[in-house]
Amino acid sequence: ICCGVGTIISAVLGSAPIFVSMSAAAGIRDGGRTGLVSVVVGIYSFLTACIFSPLAAAIPSCAVAPVLILVGLNMLGEAKEVQWR
């Protein structure tokens, strides 16, 4: 339920809804057992974004593209751990 609500709220606020799922997966992988992990990570992420948003606004868009490619490659690396069958 927490992930669903987080995804709805992030979509309404114009954020990437996939972030909620990634943070939930990371929390579960590190030992979190309830949806409260997603809520806590979401609150920390929101507060961090509020603090560092002026700094992030100064970064040009063309500098962000290589970082997003690296994040995508990192996510693909995790896909090999999935038991597909």
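**Surface, helices and cysteines**

Reply: We may begin with the surface: the chain has an accessible surface of about 6900 Å², and 73% of that belongs to carbon and sulfur atoms. Please keep in mind that this is a predicted model.

Me: What share of the residues of the chain counts as buried?

Reply: A residue is buried when its relative accessible area is under 20%. Of the 85 residues here, 8% count as buried.

Me: How many helices and strands are there in the chain?

Reply: The chain holds four helices and zero strands. Read from the N terminus, its elements follow the order α-α-α-α.

Me: Where is V40 found, and why does V40 count as partly exposed?

Reply: V40 lies in helix α3, which covers residues 36-57. V40 counts as partly exposed because its relative accessibility is 34%.

Me: How many disulfides does a search of the whole structure find?

Reply: The search finds zero disulfides.

Me: How do C50 and C62 stand in terms of exposure?

Reply: The relative accessible area of C50 is 44%, so C50 is partly exposed. C62 has 66% relative accessibility and therefore counts as exposed, since the limit for that label is over 50%.

How values were computed. Residues are numbered from 1 along each chain as its sequence is written. This is a predicted model: local features need pLDDT of at least 70, side-chain atom pairs count only at pLDDT 80 or more; totals for chains, interfaces and linings use all residues. Side-chain values use heavy atoms; hydrogens and water are left out. Helices (H or I, at least four residues) and strands (E, at least two) are DSSP runs, numbered from the N terminus. Buried means under 20% relative accessible area, exposed over 50%, partly exposed in between (1.4 Å probe, protein chains only). Accessible areas come from the Shrake-Rupley method with a 1.4 Å probe; for residues, only the protein chains shown count as cover. A disulfide is a pair of cysteine sulfur atoms within 2.5 Å.
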